[in-house]
Amino acid sequence: MNIKKHIPNILTLLNLFCGCMALVALAHSGYEEALFFVSLGIFFDFFDGFFARKFGVSGPLGVQLDSLADMVTSGVAPGFLMYNMIGMTKLYDFAFLGFIITLGACYRLANFNIDERQTDHFIGLPTPANTLFFMSLPLIFLDKFAPDFIKKFDMTYVQFVLIFLSAYIMNAEIPLFSLKIKNFSVQKYKLQLGFLALSIIMMVTLKVVAIPLIIVAYVLLSVFNNILAKK
């Protein structure tokens, strides 16, 4: 029995399990636990592809399984989060709009499986990055040390804008650099390595507040890099 060929799919199923646990946590307003499980799921999501390539066991089953697991962890979970958050405001009748994130993620994941251009880079914001942005928001709102401009995300109307903007950015024709480093060439991956160094510094200094800022920085750096590449 070749155990190696099952390791990637086991990791993918662990991603799905983490997504389910995040939903359980959100049902009880456990925002910190939900962020933990989503982050752990994204960790498994990264390494299932890594081991599939390393062991040479990539296949159509793994591709489909990966998207189905991501649909829960990076699609349903952030949508349910925003449904809960808006549901606690005076605009609770519009809480269902939180699931616009889920619809946008679903379309992106399906399109990703058939888009042959996204091998060395992404087109549109990856669903894991999008879900980390949203899952960190409630913790930032509760952080008394968070900057005032970040806490403006707590305004319901701003949340509506973020919801629709995220669905657009996930599916927009915007090339974004991939963080998958296939060798140790500093020259080839200087953008990725620089971004990772910046992200670590921000996480150490700003803690959870850094998460949405890192996602925004990722998009802006990608756009800036695209502009430079065209010159």
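Okay, let's start inside the protein: Asn130 touches Ile101, Leu125, Ser166 and Met170, leaving aside residues up to four places away in sequence. By touching I mean a contact, that is, heavy atoms within 4.5 Å. Asn130 sits in helix H5, and with a relative accessible area of 2% it is buried. The cut-offs there: buried is under 20% relative accessible area, exposed is over 50%, and partly exposed is in between, with a 1.4 Å probe and protein chains only.

Quick housekeeping. This is a predicted model, where local features need pLDDT of at least 70 and side-chain atom pairs count only at pLDDT 80 or more, while totals for chains, interfaces and linings use all residues. Residues are numbered from 1 along each chain as its sequence is written, and side-chain values use heavy atoms, with hydrogens and water left out.

On confidence: pLDDT is the predictor's confidence in each residue, from 0 to 100. The protein averages 88, and 92% of the residues score at least 70. Which elements have the lowest and the highest mean pLDDT? Helix H6, residues 148-151, is lowest at 69, and helix H1, residues 7-27, is highest at 95. Helices and strands here are DSSP runs numbered from the N terminus, with helices being H or I of at least four residues and strands being E of at least two.

Back to H5, residues 127-141. Its 15 residues should span 21 Å at 1.5 Å a residue, and the end C-alpha atoms are 22 Å apart, which agrees. The expected span, by the way, is 1.5 Å times one less than the number of residues. H5 is mostly covered, with 14 of its 15 residues buried.

One of the elements that H5 meets is helix H7, residues 156-171, whose buried residues pack against H3, H4, strand S1 (121-123) and H5. H7 has 16 residues and runs 23 Å from first C-alpha to last, close to the 22 Å expected at 1.5 Å a residue. Its buried residues include Gln159, Phe160, Ile163, Ser166, Ala167 and Met170. If you like helix geometry, an α-helix has 3.6 residues a turn, so residues three or four places apart point the same way. And remember that Ser166 and Met170 are among the contacts of Asn130.

Now H1. For its 21 residues you'd expect 30 Å at 1.5 Å a residue, and the end C-alpha atoms are 31 Å apart, so that agrees. Its buried residues include Leu11, Asn15, Cys18, Ala22 and Leu26. What covers the buried residues of H1? The cover includes H2, H3 and H5.

Just after H1, Ser29 takes a positive phi of about 60 degrees, although it is not a glycine. Most residues other than glycine have a negative phi. Ser29 lies in the loop between H1 and helix H2 (31-55), and at 44% relative accessibility it counts as partly exposed. There's another such case at Lys207, which is not glycine either and has a positive phi near 60 degrees. Lys207 is in the loop between helix H8 (190-206) and H9, and at 52% relative accessibility it counts as exposed.

On to H6, the element with the lowest mean pLDDT. Ile150 touches Ile140, Phe141, Val209 and Leu213, not counting residues up to four places away in sequence. Ile150 and Leu213 are 63 residues apart along the chain, with their C-alpha atoms separated by 9.0 Å.

In helix H9, residues 210-230, we have Ser222. Ser222 is buried too, with a relative accessible area of 1%, and it touches Pro175, Leu176 and Phe177, again not counting residues up to four places away in sequence.

Last stop, the outside. Leu103 is in helix H4, and at 57% relative accessibility it counts as exposed. C-alpha to C-alpha, Leu103 and Ile174 are 19 Å apart in space and 71 residues apart in sequence. Then there's Phe99, in the loop between helix H3 (60-87) and helix H4 (100-114), which counts as partly exposed at 30% relative accessibility.
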